[in-house]
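Work through the following exercises with the sequence and the structure side by side, and try each task before you read its solution.

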Amino acid sequence: MMSSDTARWARAEALGVSMPELAAYQDEPQQMRSGTAGKTGFLHLGFERRGCRTILANLQRRAPYMAQRALYFDQAMPDLAHVFLITTTGCLLQGDRLTLDIALGPRAQAHVTSQSATKVHSMDANYAVQVQTITLEDDAYLEFLPDPLIPHRHARFVSDTQITIAPSATLLCSEIVQSGRKHYRSSECFGATMISLATAAARPEGPRLFVEKLLIDPQRYVMRQTGVMGPFDVLGNVIVCTPKNHADRILERLTADVDLTTGVAFGACRLPHDAGLIYKILGCETAQVKAKVRELWGVVREEVVGARLSPPFLWR
Amino acid sequence: MRTTTANDCFEALGSAISFARMLQFGESMFPIGGFSFSCALESAVQKGVVTDASTLRAFTLTAVEQAARGDGIAVIAAHRAASAGDVDALIHIDGEVYARKLSDEARLMSVRMGKRFTEMGAQVIGAPLLRKWLECIDASVVMGCYPVALGMNFAIQNLTAQQAFVVLQYGTASTILSAALRLMKISHVETQRILFDLSGLTEAAYESAARAHLSSMASYAPLAEILAAIHTKAHVRLFMS
């Protein structure tokens, strides 16, 4: 039992060792070694459709990753299973390895989010790795909208997301990355050593749909450069994998603009192989980016499920 | 980690012929349609992101850096695969390049220029590998992206991977700069200065790309990608990207 469990989070360890951008950071922290108990979190969320409702049929967890139970509070989609991801350490530290595995069976509908922003703390040894596997079977629908990532100065963070999606399923998956704690001190803004965010998607039978590897490397490349971040501080990157007819309608309703006065830029492109859309947002503040993600979320819900968004929580 | 292989920089052909062929297949007059793309400069000028020589230089530098981190690695990998006559590897590289073209217009540009470059090569040079690759494109076995066509063509001509990489980088910069002459108030002297300046970065960029594995192809230019998205929605367009 233990060996098969270990295999489930072994990819996080293997990834960190194999990535060229992490070659210089293989030293061990003076505190707890990398990948030890308490630093290797694992969470499997298996959603299944039961009647008209989606249930969290399979939950496996290992601290510091955990989830409690599915909640049903969305009045617009009362059968949608909501799960809040919890990391008991409240942040990512050097040597942490997190593995998240989300699987939706046929016609299951779920919304997964985090409790709050994920801080990636400053590092003087090693790095933090997050590995995510998302599997959607026929007609499944997943909204995966975690809160922003806040990389602290000298953070080294690698994320790898592998998506397997049936042609009829829909995945809305967002990632918001801040430049750092820019209001704390100016050296925090783009102060992370290296942030690597890779996403790859494929159909269940194998064909590759698309790959994106964003490598934020402020030591080698100028973040403020025209075409990179320019005057903006926060990136929103949203992937909408959905059948082409939905993607066409969603794209029709989306606008694209760079507004240097209000400090926001956004636009969507079609992904290769009719996989769906990718929507990028830049903002000077996180709230602007979150608002645009919510706007897209509303459009996707209306076009794919035919439901509206409920009003936002006052505290989110 | 891969080290630079012997034939990557080896001057196999007489250097005068080699330079002439590199110029022929690398210049902007080569009829593969590069002149019809602006790589999102058109939107950048319309939205006030690029306004003068300084912002144009920075925008072009971003494009050149992104090319070196992505397509440049594929050009070198394709050159190595073609030198070894490994068609399966070329098919794999082509798939990896296409899967990373996340903007509609970047895909269109890569596929269109790749096919024309292969066609021209097949007709001018007449090598069996180029004819076979063209059949693969026509049969939709491959998409036929430009970096693969370029690396393969140069390997067949016994030109080096470094020369193919230089053509990619130079072509990226010159496409944007020649579009700039038609899109904004800028002089030939200013665009040539930028081109001269950016060419000075090619050596280090090649060394880095030649060491990288295909899976290391990466990017980070969100503002340029948003500008590309704006271009696809624009009603009035002078350029195709």
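Helices (H or I, at least four residues) and strands (E, at least two) are DSSP runs, numbered from the N terminus. The model is a predicted one, in which local features need pLDDT of at least 70 and side-chain atom pairs count only at pLDDT 80 or more, while totals for chains, interfaces and linings use all residues. Residues are numbered from 1 along each chain as its sequence is written, and chains are lettered from A and ligands numbered from 1 in the order in which they are written.

**Exercise 1.** Describe the secondary structure and the overall dimensions of chain B.

*Solution.* Begin by counting the elements, which gives twelve helices and zero strands for chain B, so that the pattern read along the sequence is α-α-α-α-α-α-α-α-α-α-α-α. Next, take the radius of gyration over C-alpha atoms and compare it with the globule rule, which is 2.2 Å times the number of residues to the power 0.38. For chain B the radius is 17 Å, close to the 18 Å that the rule gives for 241 residues, and therefore chain B is as compact as a globular protein of that length. Finally, the C-alpha trace of chain B spans about 45 × 35 × 35 Å along its principal axes.

**Exercise 2.** Which residues of helix H11 of chain B are buried, and where on the helix do they lie?

*Solution.* A residue is buried if 20 or more other C-beta atoms lie within 10 Å of its own, exposed if 12 or fewer, and partly exposed in between, with C-beta atoms placed from the backbone. In H11(B), which runs over residues 202-211, the buried residues are B:Ala205, B:Tyr206, B:Ala209 and B:Ala210. They lie on the same side of H11(B), because they cover an arc of only 130 degrees around the axis, where the arc is that of the directions from the helix axis to the C-beta atoms. As background, an α-helix has 3.6 residues a turn, so residues three or four places apart point the same way. The face of H11(B) turned away from the buried side carries the exposed residues B:Glu203, B:Ala204 and B:Glu207.

**Exercise 3.** At what angle do helices H6 and H8 of chain B pack?

*Solution.* The angle between H6(B) and H8(B) is about 25 degrees, and their axes are 7 Å apart. H6(B) is therefore roughly parallel to H8(B), a description that applies to angles under 35 degrees. Among the residues that meet are B:Met113 and B:Phe117 in H6(B), and B:Val148 and B:Leu150 in H8(B).

**Exercise 4.** How many residues does each chain give to the contact between chain A and chain B?

*Solution.* Chain B gives 38 residues and chain A gives 33 residues. On the side of chain B, the elements that give two or more residues are H3, H5 (87-99), H6 (104-124) and H12 (222-233), and the largest share, eleven residues, comes from H12(B).

**Exercise 5.** Is A:Ser310 buried or exposed?

*Solution.* A:Ser310 lies in the segment after helix H3 (286-304) of chain A. A:Ser310 counts as exposed because it has 11 C-beta neighbours inside 10 Å. Leaving aside neighbours within four places in sequence, A:Ser310 is in contact with A:Asp74, A:Gln75 and A:Ala76.

Conventions:
Contact = placed C-beta atoms within 7 Å. Axes fitted to C-alpha atoms, helices over the stretch in contact; angles between N-to-C directions. Parallel < 35°, antiparallel > 145°, perpendicular 65-115°, else oblique.
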